[in-house]
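Good morning, and thank you for making time for this presentation. I would ask you to keep the sequence and the structure in view while I speak.

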Amino acid sequence: MNDNFIDCFELADKGKATHNGIKIATRNEPILRYKLGRDVVQLLAMLTMLIDHVGLVFFSGQEIWRIIGRIAFPLYVYGLVQGYIHTSSRPRYMFRLGMIALLSQIPYQLAINPYGLNVVVSLLAGAVVLHILDRSDSLLLSIGIVAAASIVMEMFPFDYGAYGLLLILIFRYSPAYLLVPWHLMLNMLYLFLNSWELQLWSLLPTILIAYGPLVWKRIESFRVPSWIWRSFYPLHMLLLATIQLWK
């Protein structure tokens, strides 16, 4: 089984697993009921991220590139959560995330943001918070952990900031039928707080994940080699950084 994504998801709404009184998806009771094409989701995530970054670097005045790019982050969050639930070793899973983040950081700073942290750092932070929450038996303590992590991610230049963490928590703890409403409310909150109009488009992949996975089924036979999936982010950042340096 690939540790980054799994092939089949069953609805956890009727499961008995809870965390501080909240029904959650466990290793045996993932969040979604449908079969999803793991490799198709990976391919779509990589393609839309590449479009987003190409638009940011080379066509900054053309909004359509960034609109398409809003599809990527929810797919990566979805992959992170499913990988976290189903990995055979969470420490190794987080170690791999850390290595990808480390390899990507300098190219990211050269190509995209010289003062920021790349998005894999945000995903790793989310995985660490999930790991801590899984060991907390106190609702009050869990709320404090999430609040503290959110503050840290807003104080330091984490990509997506607290928004990224909250979306990870939604994908981890929300039942399938509430996934879209919770994501919509989060987007509306950040539209009000930060005027993130473009981020409203990120709801589209969540709608597909929650309600339309049969769309993936027709082409789920396509397979993405694991080495391509794991090396894509640092390699495309390195390529963009090299082009930036030679412009």
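**Overall architecture**

The chain contains eleven helices and two strands; these are DSSP runs, with helices being H or I of at least four residues and strands being E of at least two, numbered from the N terminus. Read from the N terminus on, the order of elements is β-β-α-α-α-α-α-α-α-α-α-α-α.

Let me state the conventions. This is a predicted model, in which local features need pLDDT of at least 70 and side-chain atom pairs count only at pLDDT 80 or more, whereas totals for chains, interfaces and linings use all residues. Residues are numbered from 1 along each chain as its sequence is written, and side-chain values use heavy atoms, with hydrogens and water left out.

Of the 247 residues of the chain, 51% count as buried. Here buried means under 20% relative accessible area, exposed means over 50%, and partly exposed is in between, with a 1.4 Å probe and protein chains only. Among the contacts in the chain with a separation of 6 or more, 71% come from residues 24 or more positions apart, where contact means heavy atoms within 4.5 Å.

**The nonpolar core**

Which residues touch the most other members of the largest nonpolar core? In this core of 56 residues, they are Phe-73, Tyr-76, Val-77, Phe-171 and Tyr-233. A nonpolar core is a set of buried Ala, Val, Leu, Ile, Met, Phe, Trp, Tyr and Cys residues joined through side-chain atoms within 4.5 Å. Helix H3, residues 72–86, provides the largest share of this core, namely ten residues. Tyr-76 is in contact with Ala-45, Met-46, Met-49, Leu-123, Trp-229 and Phe-232, leaving aside its neighbours within four places in sequence.

**Two helix pairs**

Two packed helices are described by the angle between their axes and the distance between the axes. The axes are lines fitted to C-alpha atoms, for helices over the stretch in contact, and angles run from 0 to 180 degrees between N-to-C directions.

I begin with H3 and helix H4, residues 90–111, whose axes come within 9 Å and cross at roughly 150°. H3 and H4 are therefore roughly antiparallel to each other; angles over 145 degrees count as roughly antiparallel, under 35 as roughly parallel, 65 to 115 as roughly perpendicular, and the rest as oblique. H3 passes H4 in a right-handed crossing, that is, the near helix is turned clockwise from the far one by less than a right angle, anticlockwise being left-handed. On the H3 side, the contact is made by Gly-79, Leu-80, Gly-83, Tyr-84 and Ile-85, and on the H4 side by Arg-90, Tyr-93 and Leu-97. By class, this contact has five nonpolar, two polar and one charged residues. Ala, Val, Leu, Ile, Met, Phe, Trp, Tyr, Cys and Pro count as nonpolar, Asp, Glu, Lys and Arg as charged, and the others, Gly among them, as polar.

The second pair is helix H5, residues 119–133, and helix H6, residues 139–155; their axes come within 10 Å and cross at roughly 165°. H5 and H6 are therefore roughly antiparallel to each other, and H5 passes H6 in a right-handed crossing. H5 contributes Ser-122, Ala-125, Val-129, Ile-132 and Leu-133 to the contact, while H6 contributes Ser-142, Ile-145, Val-146, Ala-149 and Met-153. The residues of this contact divide into eight nonpolar, two polar and no charged.

Phe-158 is in the loop between H6 and helix H7, residues 161–173. Is Phe-158 buried or exposed? Phe-158 is buried, at a relative accessible area of 17%. Its contacts, apart from neighbours within four places in sequence, are Leu-117, Val-121, Ser-122, Ala-125, Val-152 and Met-153. The C-alpha atoms of Phe-158 and Leu-117 are 5.2 Å apart, although the two residues are 41 residues apart in sequence.

Tyr-160 lies in that loop between H6 and H7 and is buried, at 16% relative accessible area. Its phi is near 75°, a positive value in a residue other than glycine. Most residues other than glycine have a negative phi. Ser-195, also not a glycine, has a positive phi of about 55°. Ser-195 is in the loop between helix H8 (176–194) and helix H9 (203–211) and is exposed, at 53%.

Finally, Asp-52 lies in helix H1, residues 38–58, and counts as buried at 8% relative accessibility. Not counting residues up to four places away in sequence, Asp-52 touches Trp-65, Arg-66, Gly-69 and Arg-70.
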